[in-house]
Structure formats: C-alpha cells, structure tokens
Amino acid sequence: MIAYLVVFAASAVTALAVTPLVRRGVIRMGAIDQPSDRKVHPSATATSGGLAMFVAFLAGLGVSRLLPFFEDMNRGSSEPLAALLACSAVVALGFVDDIKGMRAISKLTGQVFTAGLLILAGVQIAFIAAPGLGIVSVGSDLAVPITVIWVVAMLNAVNLVDGLDGLAAGMTAIAAAAFFVYMVHAPSLFGDASAAALLSTIAAGICVGFLPWNFYPAKIFMGDSGSMLLGMLLAIATVSGVGRNPFPPSGGDFAVLAIPVLLPLLVLAIPFLDVALAILRRFRRGVGIAQADKEHIHHRLMDVGHSHRQAVLLMYLWSALISGSALAVGLIDGRLAAGSVLVGAVSLFLATALPRLLERRRTASNGSP
C-alpha cells in the first residue's frame, strides 16, 4: 500500500504544481474556451489542462518504475508501456481537438486508432467471468472488436460528462478509487502488485491534483486532451484487471462472481447513462449524436434548482453511492451493507429532488386562497 501511496502522491503533486504553468502556456497559445449558449461557464477560460495531467501521468508512471514493489510487474506486464503509448496518442488527439476542433467522424477515427495501438501493444480483453461458467476465454475474433468498443466507450463517457467545473475529474477520481479498492483485494499474476491498481492510482492522483484548479469556478478546463486521457487510463485499468485476469473471483454467489464484470460499468454508470440518454435524445430529434445540447444530467440538476457546485457534489455522491454499492456486494457480506446502501440512495434522492419539491410547495402555497 505504501508503494501505491507514493505513486498517488507523485501524480497528485505533479498535477497540482504543473497545472498553473500549463495554464499560462495555453493562454499564450490562445487555447481559450469561449462562453456560448450550450455552455454554462460565464467567462473565457483556459483549456487543454490535459497537458498538465499528462505530465502528472508520466511522473506517476516514472516513479512506479523506480519502486521495487512494482519490479516484477513492470518486467512481466505489457500494460504500463502500452498505457504510455496509448495515452500519448490520445492526449495528442485531444490537444488537436482543443486547439483546432475536429469533426466527430475524425475524432472517432482517432479514438479507434488509439484503441488499436493499445491492442498492438498487447492489451486486449482475453477473459470474461461468466456466472455458472467461471472464466471464459475470448477468441481473437471477438477480443479485438470488444476491446475497441470498450476503449471508445470509456473515452466518450468521460468526455461527455465533462460539462461542469470539476465534474469529470471528481467522478473519475471516485471511479478510479473504487476500482483500486476492488483490485487490491483481487488475485494478480504478480502478487500484490497489479497494473490495474497502479493505473487506477495514477488516474485518481491526477484528478485530485488537478481539481483545485478545475473546481468551480474553474481556472482551467481539462479539455478533450484531459478527459480522453482519463478515459484511456480507466479503459486500460479495467481491461487489465478484468479482461486479462485469468483468476476467477472467490465465492460461488452470482453477485460476487458477476461483480468483476459489472464493476467497470457501475463505477461509471452515470456517465454511461448520460451518453445513452444523449444518443437517444438526438436520435429522436433527427440530429447527429455529436450535436451538443444543455440537457445532460448535470444540466438538468441545475434546472431543478441546484447551484453549479451543488449539482457537481450531487453527481459525486451518486457516483460514490453506486461505486460503494458494487464494492459492498463484492467485498462485504451482511444486511448492514445492503441497508446502508438503501439509506444512502433514499437520502441522495431526497437531496436531489429537494429544490423542486420546495418550489412546488411554495407555488401551491402562493396559489391557495
């Protein structure tokens, strides 16, 4: 655990220290996100904070190469170097989009290309844990398309949830922390060292270090370079921890066996739900799926009556609750865990709906004779 804490600290401190330097640089380059009708920030704000996040990623990965704890893993695992290759490519792609803008099809093509680099570097889904069947090997004909779909989905899930100051960084930190907790309890090919846990640690550290500059009111946005970097880190971590892990989870209970498969989906359930609703909404209106709007979940929370910060914090809490629920099912037995999850869900629902309920009550009182 000390080794993971050292990597986390290296990533967080680097992101915290480098972000203001990157901010000055991108302002001089003209990388400024201007306000518009489809955006919620009221003033021009520096973007491409993903460059600082990438430096923090390099720092965390570099420190891990120096720690004896990760020596066997670095020697026998392809994930760290594959992450370096794929993350470098996706940050470059995102930076071009931040500076010049890209058509949706060009961006998607670039994302598929970065997923292909990951596969060529030896990282792809090889196993799936199936209830009743244990560990099932995935053939190469299915492994490649499934991996590409998964990586592209992760990239866009984090990208599309990046609509409020600090939202994507905070939710990714929660997702990475939840996956880290699960992976340190899961068996690994390299003893206590795990590439999935390492990359989750780096992702969480990057987000924690970047948040002081990105939380409302943000001094810099992460841009596509940052959101796709975080999406790529989560994609590699989940493919490594679930899709390349030949060890079945312990226990025969259906939920326990299914958690390693479901956890990557659950920790990003809200972003994935947001993506699905956005696609459905735009399909029904007959517009392209890349057509931006202000009807994402975080926008609706603000429409209900929550402030910018309250909407972000509520999204954090919902993500933490869903992640905690998955961990409770997978790691904790007993009714106390289930009861705590239920109480948390009810409390969060009331907190989410409270502004609308109070508004309706005031309207009813004003309209009564």
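Helices (H or I, at least four residues) and strands (E, at least two) are taken here as DSSP runs, numbered from the N terminus. By that count the chain has 14 helices and four strands. The structure is a predicted model, in which local features need pLDDT of at least 70 and side-chain atom pairs count only at pLDDT 80 or more, while totals for chains, interfaces and linings use all residues. Residues are numbered from 1 along each chain as its sequence is written, and side-chain values use heavy atoms, with hydrogens and water left out.

## Burial and contacts overall

A residue is called buried under 20% relative accessible area, exposed over 50%, and partly exposed in between (1.4 Å probe, protein chains only). Of the 369 residues of the chain, 49% are buried. Contact means heavy atoms within 4.5 Å. Among contacts between residues at least 6 apart in sequence, 76% join residues at least 24 apart.

## The nonpolar core and the ring cluster

In soluble globular proteins, nonpolar side chains tend to be buried together. A nonpolar core is a set of buried Ala, Val, Leu, Ile, Met, Phe, Trp, Tyr and Cys residues joined through side-chain atoms within 4.5 Å. The largest such core in this model has 85 residues, and those with the most contacts inside it are Phe-57, Phe-70 and Met-232.

Phe-70 is buried, at 0% relative accessible area. Leaving out residues up to four places away in sequence, Phe-70 touches Ala-3, Tyr-4, Val-7, Ser-64, Ala-193 and Leu-198.

Rings of Phe, Tyr and Trp (its six-membered ring) pair if their centres lie within 6.5 Å; planes under 30 degrees apart count as stacked, over 60 as edge-to-face and the rest as tilted. The whole structure holds six aromatic pairs. Tyr-4 lies in helix H1 and Phe-70 in the loop between helix H2 (50-66) and helix H3 (71-76), so the pair ties together parts that are 66 residues apart in sequence. Tyr-4 is also buried, with a relative accessible area of 4%. Ring pairs link Tyr-4, Phe-69, Phe-70 and Phe-180 into a cluster.

Thr-19 is another residue of helix H1 (residues 2-29). Thr-19 is buried at 1% relative accessible area.

## Packing of H4 and H5

Two packed helices are described by the angle between their axes and the distance between the axes. Axes are lines fitted to C-alpha atoms, for helices over the stretch in contact, and angles run from 0 to 180 degrees between N-to-C directions. Helix H4 (residues 79-100) packs with helix H5 (residues 104-120) at an angle of about 170 degrees, and their axes are 8 Å apart. Angles under 35 degrees count as roughly parallel, over 145 as roughly antiparallel, 65 to 115 as roughly perpendicular and the rest as oblique. H4 and H5 are therefore roughly antiparallel.

On the H4 side the contact is made by Ala-82, Leu-85, Ala-86, Ala-89, Val-90, Leu-93 and Asp-97, and on the H5 side by Lys-107, Gly-110, Gln-111, Thr-114, Leu-117 and Leu-118. Ala, Val, Leu, Ile, Met, Phe, Trp, Tyr, Cys and Pro count as nonpolar, Asp, Glu, Lys and Arg as charged, and the others, Gly among them, as polar. By these classes the contact has eight nonpolar, three polar and two charged residues.

## Residues apart in sequence

| Pair | Apart in sequence | C-alpha to C-alpha |
|---|---|---|
| Gly-163 and Val-312 | 149 residues | 9.7 Å |
| Ala-175 and Tyr-316 | 141 residues | 9.9 Å |
| Ile-2 and Phe-69 | 67 residues | 9.4 Å |

Gly-163 is in the loop between helix H6 (140-161) and helix H7 (167-184), and is partly exposed at 28% relative accessibility. Ala-175 belongs to helix H7 and is buried, at 0%. Ile-2, in helix H1, is exposed at 66%.

## Backbone details

Most residues other than glycine have a negative phi, and most peptide bonds are trans. Ser-48 has a positive phi, near 65 degrees. Ser-48 is placed in the loop between strand S2 (45-46) and H2, and is buried at 0% relative accessibility. The peptide bond joining Tyr-216 and Pro-217 is cis, with omega about -5 degrees. Pro-217 is in the loop between helix H8 (195-214) and helix H9 (223-243).
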